[in-house]
Structure formats: structure tokens, C-alpha cells
Amino acid sequence: MKLIDMSKRVNREIGFVKESVRVDKVIMRTGETEQRDYILIMIKNIKTGVSVPHPITEFLQKWRNCSYSTIERRATEII
């Protein structure tokens with residue numbers, strides 16, 4: 001495992017953000033489509049604008065059956 005040096009230079013270039021993603025889920029029995037919103041915790045390179053999901057997002061699955069606002073609140077607390 002490689003540790004990241006969180007010096008002042010890195011802190012200005014990388015930040016944690018939360019992003020909302022809408023997923024279409026097809027119910028196999030009926031063929032209907034159901035939309036669901038999810039929150040992802042992302043690491044964003046501010047200089048390039050590239051974002052990648054952070055593994056801590058899996059922690060939010062604990063509240064997967066809760067409302068969107070509850071999950072968003074938990075993500076805000078983590079960031």
C-alpha cells in the first residue's frame with residue numbers, strides 16, 4: 001500500500017466531493033424501469049477536473065434503504 005503525502009501542494013489539487021448519480025433499474029418480471037438516486041464520495045483533481053470514486057462510498061450502502069436525504073447527510077458528515 002502506498003501512502004499519499006498530503007502536503008499543502010496536494011491539498012490544493014485534490015479534494016473530496018459528493019456527487020449524485022441516477023441509475024435506471026429494470027425489473028425483470030414486469031419489464032418496468034425504476035429510477036434510483038445514489039450518492040458517491042469522489043476524489044476530485046481540481047486542476048484537471050477528473051473525479052474517481054473513493055472506496056469509502058461502500059460505507060454508505062449501510063443506509064441503502066433510507067431516503068436520499070438521509071444518505072446525502074451521511075456523505076456530508078464523512079467528507
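Where is Ile-56 found? In this predicted model, Ile-56 sits in the loop between strand 3, residues 51-53, and helix 2, residues 68-78. Ile-56 has a relative accessible area of 32%, so it counts as partly exposed. Together with Phe-59 and Ile-78, Ile-56 makes a nonpolar surface patch of about 230 Å².

Now to Thr-57. Thr-57 is also in the loop between strand 3 and helix 2, but Thr-57 counts as buried because its relative accessibility is 11%, and the cut-off for buried is under 20%. A polar atom of the Thr-57 side chain lies 3.0 Å from the backbone nitrogen of Ile-41. Leaving out residues up to four places away in sequence, Thr-57 touches Ile-39, Leu-40 and Ile-41.

Next, salt bridges. The count is three.

One joins Glu-72 and Lys-18, with 3.7 Å between the closest N and O atoms. Glu-72 is in helix 2 and Lys-18 is in strand 1, residues 14-26, so this pair ties together parts that are 54 residues apart in sequence. Glu-72 is partly exposed at 29% relative accessibility, and Lys-18 is partly exposed at 33%.

Another is between Arg-22 and Asp-37, at 2.9 Å from N to O. Arg-22 belongs to strand 1 and Asp-37 to strand 2, residues 33-45, and the two are 15 residues apart. Arg-22 is exposed at 54%, whereas Asp-37 is partly exposed at 28%.

Then there is Arg-74 with Glu-77, at 3.7 Å from N to O. These two are three residues apart in helix 2, so about one helical turn separates them. Arg-74 is partly exposed, at 23%, and Glu-77 is exposed, at 56%.

How values were computed:
Residues are numbered from 1 along each chain as its sequence is written. This is a predicted model: local features need pLDDT of at least 70, side-chain atom pairs count only at pLDDT 80 or more; totals for chains, interfaces and linings use all residues. Side-chain values use heavy atoms; hydrogens and water are left out. Patches are made of residues with over 30% relative accessible area and no salt bridge: like charges are joined within 9 Å, nonpolar side chains (Val, Leu, Ile, Met, Phe, Trp, Tyr) within 5 Å. Accessible areas come from the Shrake-Rupley method with a 1.4 Å probe; for residues, only the protein chains shown count as cover. A salt bridge is a side-chain nitrogen of Lys or Arg within 4 Å of a carboxyl oxygen of Asp or Glu. Helices (H or I, at least four residues) and strands (E, at least two) are DSSP runs, numbered from the N terminus. Buried means under 20% relative accessible area, exposed over 50%, partly exposed in between (1.4 Å probe, protein chains only). A polar contact is a pair of N or O atoms within 3.5 Å; within protein, one must be able to donate a hydrogen and the other to accept it, and residues adjacent in sequence count only if both atoms are side-chain atoms. Contact means heavy atoms within 4.5 Å.
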